[in-house]
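Please keep the sequence and the model in view while reading.

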Amino acid sequence: MRIAMIGTGYVGLVSGVCFSDFGHDVICVDKAEQKIDMLKAGQVPIYEPGLDVLMARNVAAGRLSFTTDLAAAVDGADAVFIAVGTPTRRGDGHADLTYVMAAAEEIAQAVTGYTVIVTKSTVPVGTNRNVWETVKAANPQAEFDVASNPEFLREGAAIDDFMRPDRVVVGVENDRAAEVMAEIYRPLYLRDFPILTTDLESAEMIKYAANAFLATKITFINEIAGLCEKVGADVKEVSRGIGLDGRIGNKFLHAGPGYGGSCFPKDTAALARIGQDHAHPMQITETVIRVNDEIKKRMIEKIRDACDDHFNGKTVAVLGVTFKPNTDDMRDAPSLSIVPALIGGGAKVRVVDPQGKSEGEALLPGAEWCDDPYIAARGADVVVLLTEWNEFRALNLSEIAASMKSARMVDLRNIYSKTTALKSGFETYVGVGR
Ligand SMILES: NC(=O)c1ccc[n+]([C@@H]2O[C@H](COP(=O)([O-])OP(=O)(O)OC[C@H]3O[C@@H](n4cnc5c(N)ncnc54)[C@H](O)[C@@H]3O)[C@@H](O)[C@H]2O)c1
């Protein structure tokens, strides 16, 4: 198969590289010239473990290339994937479909022969039909179908998720498009990974339903964590106790500072908006969004408590600023609300993150970047564990405690236990829900 992948972000680049590894010929397209220049030079513009090696292997095999020329990439392709961003539209919570529709217009002008135009971006129900109408209007002669193929990969584990998915969802309208999609995913089908072929609307809805459910599960345990703090229970024990129930499952039950990232905040907002547009308010999702916002604010209160009720003049070391470990993605990271609140209150904030600096420096003005947690904690009043990078899981707590002005820890990921922290010389340890 010849594939054109439009957009080389976290989803497009990983998908393009993995499809080429399946044996397909893939051309990845991006409007951002700087990204394409880097990719052509063999550099990966994002941090995603293992992507550099897989990319180099497939470029060397002649199956993978990069261009800014969308028309050339689309010409003669069997399938064109749209993997551009769908951020929250300013003001109303809707998914902003500007990039998707612009890509569809451009694709329409360039298709030759039968082509399946596949939306991989997360888009509201009805978008694939709009893409069909847009392409048809722009190029009535084009021979094409549309398909919805939402992506479920997680940043930080993206290659494994793409190569070993729980399922692949494909929304199509006819057998011809279904056959092209089946051919593209044949390597997975042969290895018995479930491929769910359905209609366009259901495929579009599956993605939002999945993300809203996961956001709900996280928010549920975060709300339980708040109650645990009031009643003297330990949310880690509660998570274990409920997670062992097969009907509940143990994933997404780790209490923390509230969900963030490139998907959950925008996808829950978009789903709520879709519900309002269809006079079917998504009350659970709307509540989840509100509760998650409150949880994030509560984290700031926790840190303030540990700082003797005021940030002024305090030095706080924040370990981890990306929205989760193993990515450099800062979109809607909890750090973006927490760090400015500390700085705004008069604290001196030192931050450490293994991959977050290039993105984070501009987003966290006033923060001082340190290369390692021991330097960041030296002379600090409080150390805050915000993102659970492996580097922060086995710290020498005694060394850190001994070097601090006052040895206090706010562990927003429950990496350590109170007993361990106190034994190591910390005077206070505050976790989440315990
Ligand atoms: N990031 C994730 O973990 C994840 C997971 C599943 C689904 N998704 C969805 O996938 C989509 C893409 O997300 P992302 O995180 O990869 O976005 P991203 O912002 O990292 O990348 C989007 C890329 O598209 C490029 N682009 C935009 N318009 C273009 C055009 N007309 N032609 C060529 N390139 C163009 C941009 O320059 C950018 O490089 C979103 O809808 C998102 O919701 C993301």
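## Aromatic pairs

Eight aromatic pairs are found when the whole structure is searched. Rings of Phe, Tyr and Trp (its six-membered ring) pair if their centres lie within 6.5 Å; planes under 30 degrees apart count as stacked, over 60 as edge-to-face and the rest as tilted. One of the pairs joins Phe19 and Tyr185 in an edge-to-face arrangement, with 5.4 Å centre to centre and 70° between the planes. This pair links distant parts of the chain, 166 residues apart: Phe19 belongs to helix H1 (residues 10-21), and Tyr185 to the loop between helix H8 (175-184) and helix H9 (186-190). Helices (H or I, at least four residues) and strands (E, at least two) are DSSP runs, numbered from the N terminus. Both Phe19 and Tyr185 are buried, where buried means under 20% relative accessible area, exposed over 50%, and partly exposed in between (1.4 Å probe, protein chains only).

Phe22 and Phe162 form a tilted pair, 6.1 Å centre to centre with 40° between the planes. Here too the pair links distant parts of the chain, 140 residues apart, with Phe22 in the loop between H1 and strand E2 (25-29) and Phe162 in helix H7 (residues 158-163). Phe22 counts as buried because its relative accessibility is 14%, and Phe162 counts as buried because its relative accessibility is 4%. Ring pairs join Phe19, Phe22, Phe81, Phe162 and Tyr185 into a cluster.

The model is predicted: local features need pLDDT of at least 70, side-chain atom pairs count only at pLDDT 80 or more, and totals for chains, interfaces and linings use all residues. Residues are numbered from 1 along each chain as its sequence is written, and side-chain values use heavy atoms, with hydrogens and water left out.

## Helix H8

Which residues of H8 are buried? They are Ala177, Val180, Met181 and Ile184. These residues lie on the same side of H8 because they cover an arc of only 95° around the axis, the arc being that of the directions from the helix axis to the C-beta atoms. The face turned away from the buried side of H8 carries the exposed residues Asp175 and Glu179.

## The parallel sheet

Six strands form an open sheet in the order E11-E10-E9-E12-E13-E14, with parallel pairing. Strand E11 (368-369) and E14 stand at the edges, each with a single partner strand, so one side of each has no neighbour in the sheet. Two strands pair if DSSP finds at least two bridges between them.

Strand E13 (residues 408-411) pairs in the parallel sense with strand E12 (residues 382-385) over four bridges, and with strand E14 (residues 428-430) over three bridges. Leu385 stands opposite Asp411 in E13, while Arg408 stands opposite Thr428 in E14. From E13, Arg408 and Val410 point one way and Met409 and Asp411 the other way, and all are buried.
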